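Biologist: Please take a close look at one part of this model. I want to know how its pieces pack against each other and what they hold.

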Amino acid sequence: MRSAIVGTLIFVNVASAAVCADDIVTIRQADMKAIAAATKSIAGMFKVPSTYSSPEFNWAAELIRDKAGQTLIDHFSSEAASPASKAKPNIIEERDRFDRLANDLKSYAAALAVAAEKNPAVMTDSMRMKPGEPMGGGPLGTHVQSEADLSSIPAEHAFHLMLQTCTTCHVRYRME
Ligand code: HEC
């Protein structure tokens with residue numbers, strides 16, 4: 001944990017300069033771990049809605065949002081492969097596809113953050129998926145059509161689509 005924080009500070013200081021490949025690997029792996037912890041926290045609240053806390057939910061969603069999108073893209077823009085990394089080299093070849101997944105992650109997390117702000121007291125039914133609502137891509141397909149469409153689906157649905165985005169990206173761009 002401590003090395004992750006130090007790594008982040010170093011990164012901030014030299015953000016525009018060339019960053020050593022190992023540093024960037026450490027940073028992006030730490031970011032992924034933080035994203036995973038935030039995801040777990042949100043999953044726990046959907047599982048036991050009485051544990052819902054709007055500020056906590058919002059904090060977790062914003063953490064994911066801020067580490068997704070361009071931040072995530074930049075962390076994988078280097079061609080420098082590293083033995084410490086599980087990232088596959090096809091990220092560079094399939095730049096558009098990878099970037100779209102990184103941006104989808106951001107859109108879903110942003111929708112979750114908004115849902116937390118709209119529901120300050122308890123996890124309302126409007127946040128939950130309706131019985132029989134398709135878990136898969138749903139009416140929108142697995143790719144985000146627009147932020148406006150996303151805000152009209154229940155937060156739990158957006159959460160499941162977000163989880164699919166993690167899996168889709170890992171299956172294609174992360175080694176076993
Ligand atoms: C756009 C692609 C992409 C998305 C989306 C994505 N990941 Fe990852 N993730 C990766 C890649 C690539 C690695 C391997 C990084 C490395 O080793 O350099 C990784 C690594 C990880 C790791 C292992 C970190 C470590 O300690 O080495 C965890 C945990 C993880 N991701 C969780 C998540 C979760 C949870 C989500 C969704 C909320 C998510 N990821 C979304 C691409 C993605």
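Modeller: Start with helix H2 (residues 21-47) and helix H3 (residues 54-67): their axes come within 9 Å and cross at roughly 145°. Helices here are DSSP runs of H or I with at least four residues, strands are runs of E with at least two, and both are numbered from the N terminus. Axes are lines fitted to C-alpha atoms, for helices over the stretch in contact, and angles run from 0 to 180 degrees between N-to-C directions. This is a predicted model, where local features need pLDDT of at least 70, side-chain atom pairs count only at pLDDT 80 or more, and totals for chains, interfaces and linings use all residues. Residues are numbered from 1 along each chain as its sequence is written, and side-chain values use heavy atoms, with hydrogens and water left out.

H2 and H3 cross in a left-handed way. Left-handed means the near helix is turned anticlockwise from the far one by less than a right angle; clockwise would be right-handed. On the H2 side, the contact (heavy atoms within 4.5 Å) includes Asp-31, Ala-34, Ile-35 and Ala-38. H3 brings Glu-56, Phe-57, Ala-60, Ala-61, Leu-63, Ile-64 and Lys-67. By class there are 11 nonpolar, two polar and three charged residues. Nonpolar covers Ala, Val, Leu, Ile, Met, Phe, Trp, Tyr, Cys and Pro; charged covers Asp, Glu, Lys and Arg; the others, Gly among them, are polar.

H3 also packs on H6. Their axes come within 8 Å and cross at roughly 160°. That makes H3 roughly antiparallel to H6; angles over 145 degrees count as such, under 35 as roughly parallel, 65 to 115 as roughly perpendicular and the rest as oblique. This crossing is left-handed. Phe-57, Ala-61 and Ile-64 are among the H3 residues in the contact, and Leu-105, Ala-109 and Leu-112 among those of H6. The class count is nine nonpolar, two polar and four charged.

Next comes H6 (residues 95-118) with H8 (residues 155-173): the angle is about 160°, and the axes are 9 Å apart. So H6 is roughly antiparallel to H8. H6 passes H8 in a left-handed crossing. Leu-105, Ala-109 and Leu-112 are among the H6 residues that meet H8, whose residues there include Phe-159, Met-162 and Cys-169.

Now the metal. Met-32 (SD) and His-170 (NE2) coordinate the iron atom of the ligand, at 2.0 to 2.4 Å. Donors are N, O and S atoms within 2.8 Å of the metal (3.2 Å for Na, K and Ca); water is not among the atoms, so sites may look incomplete. Met-32 lies in helix H2 and His-170 in helix H8, so the pair ties together parts that are 138 residues apart in sequence.
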